[in-house]
Amino acid sequence: MKYIDKLASIRKEMKEKGVDAYIIPSSDPHISEYLPERYKCIAWTSGFTGSAGTLAITQDFAGLWTDSRYFVQANEQLSGTGFELVKLQVQGKAEYATWLSKTLKKGDTVAFDGNLASVAVAQAVQTELEPLGIQVNGHLDLLEAIWENRPELPTEKAYLLDVNTTGQSTKDKISTVKSKLKDKRADVHFVSSLDDLAWILNIRGNDVHCNPVVLGFLLIQEDKNTLFIGSGKLSSADISTLKDSGVEVADYQGAFEAIKQLKGEHILLDPKRTCFAIYDSVPENIEILEDMNPSTSLKSIKNKVEVDHTRHAMIKDGVALTKFFKWVEENVASGKLSEISIAEKLQALRATSEGFVDISFDTIAGYKAHGALPHYKATESSNSVLKPEGLLLVDSGGQYLDGTTDITRVISLGQIIPEEKTDYTIVLKGTIEGSQAVFPTGTRGYSIDAITRRPIWETMRNYGHGTGHGVGFFLNVHEGPQTFNMAAIDIPVEEGMITSIEPGLYREGHYGIRIENLVLSKKVESNQFGDFMDFETLTVCYIDTALVDKSLLDQKHIDWLNQYNGWVFEKLSPKLDEGEKAWLKEKTKAI
């Protein structure tokens, strides 16, 4: 069925159900960023494959609301589908609700599937529309009837990690969560988000591409804890281990009924990470406390075992990347390398490392103009052949049993123009400024964002995405609650957090530049003025100096770059053969 026909079918269903506007979020019952095939509703409906967006459909208009990371991609993928791109002014804001408030009239009905909309999204729609007399129905799935051969839920096995890997037992984690619940006067807690569930129970799975999570819900009560998970996904030994940790196992589909039968006084739900269908199933006599899942903050602060493991994973990743960039440089003149083939080669090199499980997201290998698309993924139709000229941007990462990596590098393939060197050096200054930041305890992410952007802003340049995101431990490559962006998010940077620093510059139609490392926040000094923190760079991969215009750098930037590249050689050279070692020695030579 063509996308234009799917849109017509949805509109037919809308008319039959008395719905004037239908909203399709990019989500699932766990409010995930990356989705199982069954819940890729926006891709199935419109052809747009980005990880963030919302469709709003009326009889006269169908739009995709998404942010600047996806503008070029959306314009290409929506062509001929009947859907149009609507550019978000503020990333993550429900601007489609405001549009609907101006488009619909009193007495009209807006609907969405409450399994796919978070409580926060549902409330934003209700707050915008209901005062205008527009009805909101949050329990209507119009896709199930028209989606032929819709994928079933994944059935791959899940497994438990031992305490030597995680550094903290499931029993201890649950105890800590319950202590936090007590502080908030909650006697029941329902966890929908897959990374929170994975962290609390030390459980991993293969249900979502690139994310080692398993579909499930966790109900934490004063006298018992219940994991709702697909039948047959856990071994009898793992079920027994969970039982010893105080966790009973029940069928995945029983979660919604369990919510309806709850006894208690106060339930804590995270409105951004709980679907509206769950929220609306809570009995009326139970007060809902809307707050962030305690585990979201707890898992963002990595313990010593997790940090040590992550450092080890970074070295393995750096070895693979060194082999990869050497291979690209030596073979680019052959005319046989393409964006797809080099992504496959990088994954194959990572896969030779002990403990490698998967890539942590689809590799972004953007040659020349494709590098200007921050979330580009090569397809057979877009796949560019590399030539010994221009810039290559590679944003990639790995999932290892001992950590998650995420790194972006830009390299010169030859015949570089002055503007490319200037932009590259300015971005590098931003990366170094962010990496060298020293800040008082309690500093928020927007301050780190501003520190990183300062040398870029000084040249009247800017980039449209955030400067950094949290990264999980053998978990999701995008992890909260901390984020380094311009929004006034009231989350402090705490000791033990692992976050990316990744400024960029993008010249649409020409090239893109982004230089990304992961950093660990650490306390550095306490004095009469308070406690201060800085960052330890964890990523171990050379930064290409062939693109650096040294005249644009201060001495502190030159010193940092030389020290970093020297450290990379020291860490990786024992793992390389003589040819690779000599190549890396040249690449990390001081400037």
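How many disulfides does the structure hold? I looked this up before anything else. The structure holds zero disulfides. I note here that the model is a predicted one.

**Cysteines**

I wanted the reason, so I went to the sulfur distances, with 2.5 Å as the cut-off for a disulfide. I began with Cys41. Its closest cysteine sulfur belongs to Cys275, 13 Å away, so the two are too far apart for a bond. Cys41 is buried, at 1% relative accessibility.

Then I took Cys210. For Cys210 the closest cysteine sulfur is that of Cys41, and the gap is 19 Å, again too far for a bond. Cys210 also counts as buried, with 4% relative accessibility.

**Salt bridges**

Next I turned to charged pairs. Side chains of opposite charge can pair when their charged atoms come close. The count comes to 37 salt bridges. I followed three of them by residue.

Entry one is Lys316 with Asp402. Their closest N and O atoms are 3.0 Å apart. Lys316 sits in helix H13, residues 304-331. Asp402 sits in the loop between strand S18 (398-400) and strand S19 (403-404). The pair links distant parts of the chain, 86 residues apart.

Entry two is Asp423 with Arg461. Here the closest N and O atoms are 2.9 Å apart. Asp423 is in helix H15 (residues 418-435), and Arg461 is in the loop between helix H16 (445-457) and strand S22 (468-470). I checked accessibility for each partner. Asp423 is buried at 0%, whereas Arg461 is partly exposed at 21%.

I read 3.2 Å between the closest N and O atoms. Which elements does this pair tie together? Lys556 belongs to helix H17 (residues 555-572) and Glu433 to helix H15, so the bridge joins parts 123 residues apart in sequence. Lys556 is partly exposed, with a relative accessible area of 39%. Glu433 is buried, at 8% relative accessibility.

**Pro492**

I then picked out a proline. Where is Pro492 placed? I found Pro492 in the loop between strand S23 (479-484) and strand S24 (498-501). Pro492 is partly exposed, at 21% relative accessibility.

I asked what Pro492 touches, leaving aside its neighbours within four places in sequence. The contacts are Gly442, Thr443, Arg444 and Met497. I also took one C-alpha distance. Pro492 and Ile301 are 191 residues apart along the chain, and their C-alpha atoms are separated by 12 Å.

**Annotated span**

Last, I checked the record. An unreviewed UniProt entry gives residues 532-591 the annotation "domain: Peptidase M24 C-terminal". I set that span against the model. It is 47% helix and 10% strand.

Conventions. Residues are numbered from 1 along each chain as its sequence is written. This is a predicted model: local features need pLDDT of at least 70, side-chain atom pairs count only at pLDDT 80 or more; totals for chains, interfaces and linings use all residues. Side-chain values use heavy atoms; hydrogens and water are left out. UniProt positions are given in the numbering used here, feature names are shortened, and annotations may be inferred rather than shown by experiment. Helices (H or I, at least four residues) and strands (E, at least two) are DSSP runs, numbered from the N terminus. Buried means under 20% relative accessible area, exposed over 50%, partly exposed in between (1.4 Å probe, protein chains only). Contact means heavy atoms within 4.5 Å. A salt bridge is a side-chain nitrogen of Lys or Arg within 4 Å of a carboxyl oxygen of Asp or Glu.
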